[in-house]
Structure formats: structure tokens, C-alpha cells
Amino acid sequence: MQVTETLNEGLKRGYRLTLPAADLAAEVDRQLAEARPNVEMKGFRKGKVPMALMKKTYGPRVMGDAMQKSIDDALRVHMDENKVRPAMQPRIEMQDGEGWKEGDDVVVNVSYELLPEIPDTDLSGVELERLTVKAEDAAVTEALENLAKNAQSFDDRDEGAAAETGDQVVIDFKGMVDGEAFEGGTAEDYPLVLGSGSFIPGFEDQLAGVKAGDSVNVNVRFPDDYGAPHLKGKDAVFETTVKAVKAPKAAEIDDALAKRFGADDLDALKAQIGERLESEYKDASRALMKRALLDRLDELVSFDLPPSLVEAEAGQIAHQLWHEEHPEEHGHNHGEIETTDEHRKLAERRVRLGLLLAEVGQKAEITVGDQEMTQAVMRQARNFPGQERAFFEFIQQNQAAQQQLRAPIFEDKVVDHIIAGAKVTDRTVTKEELEKALESLDEA
């Protein structure tokens with residue numbers, strides 16, 4: 001094989017690989033000889049078909065496989081000998097294309113981008129601040145009050161009392177579109193909390209002030225993005241009878257409430273709430289510290305980036321942001337989405353940090369274990385109730401999906417590894433100060 005360099009510019013490389021016709025013919029002969037013992041042909045016993053006839057009959061079909069194998073082998077040898085680490089799959093093109101004929105040398109043009117050399121950087125001098133928050137009594141009390149509110153019951157209001165926001169009205173209703181009842185638009189003894197937003201816009205507002213025994217027509221218009229296609233944008237009338245008006249009554253904060261939430265008594269529930277709050281504070285604090293670390297690493301380390309990786313990442317960012325701005329669009333029939341300088345700038349940061357963290361993780365021999373992957377799959381499977389088995393099978397058969405689950409686990413383990421060796425200062429703050437820091441993070 002003859003190798004000629006055609007491009008050497010930054011991380012970009014190009015080569016012309018010339019595969020001798022004799023080597024390709026030898027590979028064809030090898031594959032035919034390997035298949036010959038199992039070949040049957042009229043007039044010949046199994047395995048006794050002459051090679052000349054084999055080549056005439058099967059040669060053209062085998063030639064394509066032989067050519068692909070020869071090219072793959074040549075590319076592998078080239079990369080092994082030169083210790084090449086391509087950023088993405090190499091691009092391979094036959095120079096002669098359709099003009100190639102049997103007996104000619106095979107000339108292939110190969111182009112790719114190298115992964116950059118990551119400079120050695122001492123990260124032990126990185127300084128970070130870790131915010132710590134204790135679960136104060138006021139926060140625990142507030143959480144208890146919210147639990148009691150969520151566990152509230154409803155008691156009948158006095159006879160003739162008008163319904164207010166937060167009250168529960170028990171109603172019978174029958175929905176009509178164009179004078180006809182529609183499927184799913186009828187119910188009896190339905191408990192509706194006014195202000196809950198559980199019905200289409202405008203429905204609950206028209207029940208404010210009703211009394212038990214009232215009959216009212218609720219006029220609404222189904223939203224243009226309503227889930228049922230036959231009701232989108234339709235005007236509807238709900239013939240509604242109010243059977244009861246009930247006022248909310250928060251549950252008592254006592255041992256009985258604690259037992260409703262699985263605790264032995266109120267003190268045990270308070271302890272559980274405190275632990276949960278401090279766990280939430282810890283997770284929020286870690287998110288702040290991780291962002292600070294990534295910002296510091298982005299300032300510390302600089303190296304050339306493969307343009308193909310940056311462009312691919314910029315495209316993904318643009319696509320994701322477009323869908324966030326157009327939540328009604330769930331498909332991908334939206335045409336090409338143009339990437340901007342802002343997308344590319346963010347892509348450069350992500351690619352740089354991704355390559356750096358991968359290098360640090362590799363040197364530290366950080367891996368993602370089977371148990372960690374299993375837990376990640378189980379967490380994701382909860383998003384597909386009733387389809388867990390199909391999700392498991394999809395993950396098992398899809399390497400790309402496995403990598404999507406593995407990547408964030410690996411990144412977090414590398415981040416924890418760097419933090420463990422950095423200079424970390426703890427500072428106790430209030431919950432409000434932590435929340436303010438998180439708001440600043442979201443705005444950045």
C-alpha cells in the first residue's frame with residue numbers, strides 16, 4: 001500500500017491510499033477459496049467447482065466485499081501505525097469512482113480531523129467555594145404546612161354560601177359542541193377545586209360565586225393546541241349543575257399527619273423533612289460548584305478544537321434551542337436551523353470541556369460500572385410507564401443510547417475527582433442566599 005499525505009493543516013489530515021490491483025485480486029481469490037467448499041453448481045460436486053468458473057460466476061459480487069475489506073484494512077493499518085485518534089468517523093472517497101475497472105489499482109482519498117493533544121494541567125490549585133445550608137426550623141415548618149395543605153380535606157360551606165377560589169365544587173356537567181354532546185365531556189359528582197387550573201381556561205372562572213343547587217352554562221373555547229384534534233379551537237357549552245360547595249380544611253400537623261406520610265410520629269417526620277431539605281441544598285450547592293469549576297477550567301486550558309466536532313455540537317445546540325422556543329413542534333420537519341456565532345461559542349466551550357474531562361478521566365482510570373448503568377436505565381425507564389421492558393431492550397441494542405446515559409455519569413465522576421483534589425472552602429449561607437446564587441446561575 002502506498003500512502004501520500006495530501007493535507008496537513010491544524011488538526012485536519014488528508015491522505016491518498018493506493019491499494020495495488022494485485023493485492024485486491026489476491027483478496028478476491030482468498031474469499032472465493034474460503035467459500036468454495038460450500039459451493040454447489042450444476043455439473044460439479046459440492047466443493048469441486050473450478051476456481052475459474054467461481055471467479056466468473058461470483059467474482060463481481062465478491063469484488064465489492066473484497067474492496068471494502070481492503071480499504072478498511074488499509075485504513076486500520078494506517079491509523080495503527082500513526083497512532084491516529086480521529087475526532088469523528090473518517091471520510092473515504094474512491095478517487096476514480098465509477099471510472100474504476102477490474103485490474104486497476106484502487107486509489108482512496110481519506111480525510112479526518114485529529115483529536116487535539118490536551119496539555120497537562122495541574123488542577124490541584126483550583127480554588128472553589130462550597131455553600132452549605134442547614135435546614136432551619138422555619139424551613140421545616142414551612143414544608144410541614146405545605147404537606148398539611150396537600151393533605152387537606154373539604155367541608156361543606158354553610159347553606160347558600162358562594163364558592164371562592166380554593167373551594168371545591170362538586171358538579172355534574174355535560175359538554176356540547178355545535179349542539180351535540182362529545183365523548184369525554186360528561187361527568188357526575190366531579191370534585192373541582194377552583195383555581196387549580198385542571199380544566200380548560202375560563203371554565204373555573206365562571207364558577208366563582210356559584211352556590212349549591214345552581215345550574216349554569218359555562219361557555220369556553222378549546223385551545224388551538226388542545227390534545228383532542230376534533231376539539232381544537234372549538235366553542236363549547238357545558239351544562240353544569242352545582243351539587244355542593246366545600247371549603248378547604250388543612251390537615252392538623254400532628255402524629256396522624258406524620259403517619260399518613262410513612263413516619264412513626266411528628267418528630268420523625270420533621271427529621272425526615274430536615275434530611276430531605278439538606279439533601280436538596282447539597283445538590284444545589286454542588287451544581288453551583290460544578291459550574292464554577294467548569295468556568296475555571298475553561299479559563300485555564302486552551303487548545304485547538306476539531307471544527308467538525310464544534311459544528312456538530314453547534315447544530316445540536318441550535319436544534320435544541322429552536323424546539324424550546326417552539327414547544328408545539330414535536331417532529332423534525334422544520335427545515336434547516338441556522339447556527340449562529342452564539343451557538344458556536346457555546347459549542348466551543350462544551351467541546352473543549354468535554355475533551356478535557358475525557359482526558360482527565362482517562363488518566364485517572366475513571367469508568368462507569370455496570371451497576372451505575374443499570375441504575376441510570378431504571379431511572380430513565382420510569383419515564384415510560386408500561387413500556388419499561390421495551391425501553392430496556394432498546395438500550396441494550398443501541399450503543400448510542402447507552403453512551404447518552406453513560407456520558408453524564410462519567411462527567412460527574414470526573415468532576416467529583418477534580419473537586420476532591422482542589423482547594424475547596426466551605427461557607428455557611430442561608431437558604432435565601434443559596435436560592436439567589438442559583439437564580440444568578442440560571443441568568444448566566
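1. Ring pairs link F173, F182, Y190, F199, F203, F222, Y226 and F238 into a cluster, where rings of Phe, Tyr and Trp (its six-membered ring) pair if their centres lie within 6.5 Å. By this rule the count comes to 12 aromatic pairs.

2. Because F182 belongs to strand β8 (residues 180-193) whereas F222 sits in the loop between β9 (215-221) and β10 (235-249), the pair ties together parts that are 40 residues apart in sequence. F182 counts as buried at 12% relative accessibility, and F222 likewise counts as buried at 2% (buried means under 20% relative accessible area, exposed over 50%, partly exposed in between, with a 1.4 Å probe and protein chains only). F222 also forms a tilted pair with Y226, at 4.8 Å centre to centre and 55° between the planes; Y226 counts as partly exposed, at 28% relative accessibility.

3. On provenance, this is a predicted model, in which local features need pLDDT of at least 70 and side-chain atom pairs count only at pLDDT 80 or more, while totals for chains, interfaces and linings use all residues. Residues are numbered from 1 along each chain as its sequence is written, and side-chain values use heavy atoms, with hydrogens and water left out.

4. Helix α5 (residues 266-300) packs against helix α10 (residues 399-421) at an angle of about 80°, with the axes 11 Å apart (helices are DSSP runs of H or I, at least four residues, and strands are runs of E, at least two, numbered from the N terminus; axes are lines fitted to C-alpha atoms, for helices over the stretch in contact, and angles run from 0 to 180 degrees between N-to-C directions). The two helices, α5 and α10, are therefore roughly perpendicular (65 to 115 degrees). In their contact (heavy atoms within 4.5 Å), R286, M289, K290, L293 and L297 of α5 meet E411, D412, V415, D416, I418 and I419 of α10.

5. An open sheet is formed by 4 strands in the order β1-β2-β4-β3, with antiparallel pairing (two strands pair if DSSP finds at least two bridges between them). β1 (2-9) and β3 (91-94) stand at the edges with a single partner strand each, so one side of each is left without a neighbour in the sheet. Strands β2 (residues 12-19) and β4 (residues 106-113) pair over 8 bridges in the antiparallel sense, and the bridge partner of G14 in β4 is S111.

Notes
Parallel < 35°, antiparallel > 145°, perpendicular 65-115°, else oblique. Phe/Tyr/Trp six-rings, centres within 6.5 Å; stacked < 30°, edge-to-face > 60°.
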